[in-house]
Amino acid sequence: MAEIILQVENVKKYFKVGKKDLKAVDGVSFNLEKHRSLGIVGESGSGKSTLARLILGLIPPTEGDVKLLGKSVFKVTKSENYHLRRQVQMVFQNPYLSLFPHMTIGKNIEEPLRLHNIGTKQTRKSIVLNLMEQVGIPHYYYNSFPHELSGGQQQRVAIARALALEPQLIIFDEPVSSLDVSIQAQILNLLLELKKEKNLSYIFIAHDLAVVEYVSDLIAVMYLGVLVEFAQTEDLLNEPLHPYTQTLLKSVPVIGGEILNITISGEIPSPLNPPSGCPFHPRCSYKKEICTKEKPILKEIKEGHSIACHLY
Amino acid sequence: MEYLLEIKNLKTHFNTKEGIVKAVNGISYGLKKGETVSIVGESGSGKSVSVLSIMRLLPPYAKINGEIIFKGENLLTYDDKKMRKIRGNNISMIFQDPMSSLNPTIKIGQQIMEPLLWHHKVSKNEARHKTIQILTEVGIPSAKERFHQYPFEFSGGMRQRVMIAMALISEPDLLIADEPTTSLDVTVQAQILQLIRKIQEKRGTSVILITHNLAVATMVSDYIIVMYGGRIVEKATTEEFLKKPLHPYTLGLLNSIPILKSKKSLNTIPGQPPNLRELEEVGCPFAKRCGKKMSRCEEENPPRIELSDTHIVYCWLYE
């Protein structure tokens, strides 16, 4: 069996809002093997970005644990954390906001190297130029500032910066959703190339299923803080089992398609006021009595295909 | 049939300190009653500015030239006072972000009936009655109670329904929707698209839909216009567009969209969209990124090639 890079163990994150708990992530567990890419899809408010921040150890969990290369990201000592952090990097949706506007492109990419005391000034520069080449940013931008670049180019810089410390895992949070389609395709192809070349593992968060399919080996579907389905990309798309995944797939606009009479109504409920039982039951057309009372747990019903639904 | 709206050689330029931004560079199209046309293109293609020019919702330093014939009259000859009688009355518009287009301090019901009262169409009582009716029509449950609520009490999809209600209450001839579903989740997007089409069929409203999503465009419209660098590069019925897309940019766009379960690898269009300040007056705006560029592409404007009455492409390849 392949080595496991990431273990997420029943992790929960509740935020206090007034006297209530906002259950952003409510018990998520999965393992990710090395060199694989996991896509996480879900609508706004499903908790996918909070999950990413938990995996990075940026926020403490309310419950549960996240292990990176076997070590808990929440329980490590400061110096251990320093080394662990090198193994996982993140790329965000808005590249302009995630780059330092007062630093040149070169300095932006160099920053993680400097913080980790890697190389001398000279060797760092050659590393940076090399990274710029890998992500397709011409060398003459070395002394330019982020605002002089287009959105697609800025995202390439953010990717170069994430690669600087040679991490094993990169988390992408909606990396292409602010980009035009022709640029989006360029970035997606770049991500596939880099993954192959450098043997990386990815967690790829997006709301666009077609984009997720393009880069992921596995897909996890999130709804109101829980995983409702988890499977190999092909299995999930060809044989979606959870009613929510099925409607999600039907809702994706298709070129030349018809507007179907979608059976789903309403929107994702507020995580401050989650429904009892299965979080999807108010919108589900296969609802049974048990669904309103008992929360289904994620279980494997076929090899590598898990769902959380009382129907199975 | 007569055109409801006919755009002739529309040019919109902005005079800025750094030079002239040529956002729209001579576009022409017509729209009949009850038809839906989608204008697709990437950021900077001029798609939004072209419709804001129709509504004249642009800053004073914008120079609009050409003709915008609406119901037989050129809107560009109208002064501000006359234009105000058109907006929200004959032509309505909905925007991408419903939260920033609604007034957060005014109750939903008040905001929806504003166009009716402003244009002195009905009495206050009647307006209230009509508002509740239309709220129900756009799928907002318990409309009577919702009438007295504020925008923050509505979810994103519900707010967009409110915007649609507001746009339609004065029964306009033309509805302009600028990326109406872009900020919504897919399941909600499907609901809103369904709603727009249902209402259009019922009322016979003409619709201009601005979108970057080609799939959405093909699903809801009769015609598709593809814009690039402020010009129309291709115009066709949706059927023709699906069967035989021709312009290299259209083809590039179609090949760079990931399609669910297709397993195709994405071909990319090299380079970046053009800088609208540096656009050349002559030549095809797409030439720099085009794989099929010929020498004349940068020297002469591309010809207008009519493949059928409805399918037009601006490209030397098809001469």
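1. Basis of the description. The model is predicted: local features need pLDDT of at least 70, side-chain atom pairs count only at pLDDT 80 or more, and totals for chains, interfaces and linings use all residues. Residues are numbered from 1 along each chain as its sequence is written, while chains are lettered from A and ligands numbered from 1 in the order in which they are written.

2. Chain A overall. Chain A contains 11 helices and 12 strands (helices are DSSP runs of H or I of at least four residues, strands are runs of E of at least two, and both are numbered from the N terminus). The radius of gyration of chain A is 20 Å, close to the 20 Å that the globule rule gives for 312 residues, so chain A is as compact as a globular protein of that length. This radius is taken over C-alpha atoms, and the globule rule is 2.2 Å times the number of residues to the power 0.38. A box of roughly 70 × 50 × 45 Å along the principal axes is filled by the C-alpha atoms of chain A. Of its 312 residues, 43% are buried (buried: 20 or more other C-beta atoms within 10 Å of the residue's own; exposed: 12 or fewer; partly exposed: in between; C-beta atoms are placed from the backbone). Among contacts in chain A with a separation of 6 or more, 63% involve residues 24 or more positions apart (contact: C-beta atoms, placed from the backbone, within 7 Å).

3. Chain B overall. Chain B has 12 helices and 12 strands. Its radius of gyration is 20 Å, close to the 20 Å from the globule rule for 319 residues, so chain B is as compact as a globular protein of that length. The C-alpha atoms of chain B fill a box of roughly 65 × 50 × 45 Å along the principal axes. Buried residues account for 45% of the 319 residues in chain B.

4. A sheet in chain A. Four strands of chain A form an open sheet in the order β2-β1-β4-β5, with antiparallel pairing (two strands pair if DSSP finds at least two bridges between them). At the edges stand β2 (20-33) and β5 (71-72) of chain A, each with a single partner strand, so one side of each is left without a neighbour in the sheet. Strand β1 (residues 4-17) of chain A runs antiparallel to strand β4 (residues 63-68) of chain A, and five bridges join them. Val66(A) in β4(A) stands opposite Val8(A).

5. A sheet in chain B. β6(B) pairs with strand β7 (residues 174-178) of chain B in the parallel sense over four bridges, and Ala177(B) in β7(B) is the bridge partner of Ile94(B). Axes are lines fitted to C-alpha atoms, for helices over the stretch in contact, and angles run from 0 to 180 degrees between N-to-C directions.

6. A helix pair in chain A. The axes of helix α4 (residues 105-115) and helix α5 (residues 121-135) of chain A come within 9 Å and cross at roughly 120°. The two helices, α4(A) and α5(A), are therefore oblique to each other. Residues that meet here include Ile109(A) and Leu113(A) in α4(A), and Ile127(A) and Leu131(A) in α5(A).

7. The contact between the chains. Chain A contributes 32 residues and chain B 36 residues. On the side of chain A that touches chain B, the elements giving two or more residues are α7, α8 (209-215) and α10 (243-251) of chain A. Of these, α7(A) gives the most, with six residues. In helix α11 (residues 248-255) of chain B, Pro248(B), Tyr249(B), Thr250(B), Gly252(B) and Leu253(B) are buried. Their cover includes α7 (181-198) of chain A, together with α9 (214-220), β9 (223-228) and β10 (231-237) of chain B.

8. Backbone points to inspect. Ser142(B), which is not a glycine, has a positive phi near 40°. Ser142(B) lies in the loop between α5 (124-137) and α6 (143-146) of chain B. Lys263(B), also not a glycine, has a positive phi of about 60°, and it is found in the loop between α11 and α12 (295-299) of chain B. Lys263(B) counts as exposed because it has 9 C-beta neighbours inside 10 Å.

Technical notes:
Angles under 35 degrees count as roughly parallel, over 145 as roughly antiparallel, 65 to 115 as roughly perpendicular and the rest as oblique. Two residues are in contact if their C-beta atoms, placed from the backbone, lie within 7 Å.
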